[in-house]
Amino acid sequence: AAVHWGQEIGGGDMRLNPQFTFLWNKLRHNFKSMIPAIHSGMKQPIRPAQLEALAMDIDINVLEEHQFITICFFLFFLGVRAGHVMASGAPKHCVTYDDIRFEPSVENPQEAFILFKSTKTRPRAADLPFYGCLRAQQSIIFCPLKLLASYWARTYNGIGTDVLFRTPTGS
């Protein structure tokens, strides 16, 4: 693209000019870091209206859809990494059933405290646990705490060390 642009404005092919060989190689080598481009692979932040639109289309009686919307609200309201809910790489960093404490109870939660065992999977930061908190939200259509509590109650099988959000195959 740089060569074509140079030719369009009246210059020759700079790659063929020995005077510009060093500069051309430097540009070619550093192009991606020097000239950022917006592309479809960029992560886009989710907005509250988008989250609400997703929730409106969910059938809460279908377990996979219940899990999906619970994960969306969980990530949005707690502001944590997707690695805390997806067990693909390092399940030891994922939230388990034992990592969540509902107050006063899972049947009538007013708040939940969630233990995140780690902030990162990298060794230096791997052992920095922290807590997150969800409170009951009466002012929004879908309360993230009630979604989490109903999903927890629906899927808990008595094994507290199981990863909270898992696929039907258990991964």
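Partly exposed here covers relative accessible areas between the buried range, under 20%, and the exposed range, over 50%. That helps with the close-ups below, which come from a predicted model.

**View 1. Aspartate 99 and lysine 117 pair up across two loops.** This salt bridge brings its closest N and O atoms to 2.4 Å. Aspartate 99 sits in the loop between helix 4 and strand 1, while lysine 117 sits in the loop between strand 2 and strand 3 (130-135), so the contact ties together parts 18 residues apart in sequence.

**View 2. Arginine 101 and glutamate 103 meet through their side chains.** Here the N to O distance of the salt bridge is 2.6 Å. Arginine 101 has a relative accessible area of 53%, so it is exposed. Glutamate 103 comes in at 24%, which means partly exposed.

**View 3. Glutamate 111 and arginine 135 form a salt bridge.** Their closest N and O atoms are 3.1 Å apart. This one links distant parts of the chain, with glutamate 111 in strand 2 and arginine 135 in strand 3, 24 residues apart. Arginine 135 counts as exposed, because its relative accessibility is 52%. If you're keeping a tally, a search of the whole structure turns up 3 salt bridges.

**View 4. The largest nonpolar core has 23 residues.** Zoom in on the residues with the most contacts inside this core, and you get Phe74, Ile100, Phe102, Ile114, Leu148, Leu164 and Phe165. Two or more residues each come from helix 4 (63-78), strand 1 (100-103), strand 2 (111-116) and helix 5 (144-155). Helix 5 is the top contributor, giving 5 residues to this core.

**View 5. Phenylalanine 165 and the residues it touches.** Leaving aside residues up to four places away in sequence, the contacts of phenylalanine 165 are Gln67, Thr70, Ile71, Phe74, Val85, Leu148 and Tyr151. Phenylalanine 165 is also one of the residues with the most contacts inside the largest nonpolar core, as are Phe74 and Leu148.

**View 6. A second core stands separate.** This one has 6 residues, among them Leu51, Ile69, Phe73 and Leu147.

Methods. Residues numbered from 1 in each chain as written. Predicted model: local features only at pLDDT ≥ 70, side-chain atom pairs only at ≥ 80, totals over all residues. Heavy atoms only, no water. Core = buried A, V, L, I, M, F, W, Y, C linked by side-chain atoms within 4.5 Å. Buried < 20%, exposed > 50% of the residue type's maximum accessible area, 1.4 Å probe, protein only. Helix = DSSP H or I, 4+ residues; strand = E, 2+ residues; numbered from the N terminus. Contact = heavy atoms within 4.5 Å. Salt bridge = Lys/Arg side-chain N within 4 Å of Asp/Glu carboxyl O.
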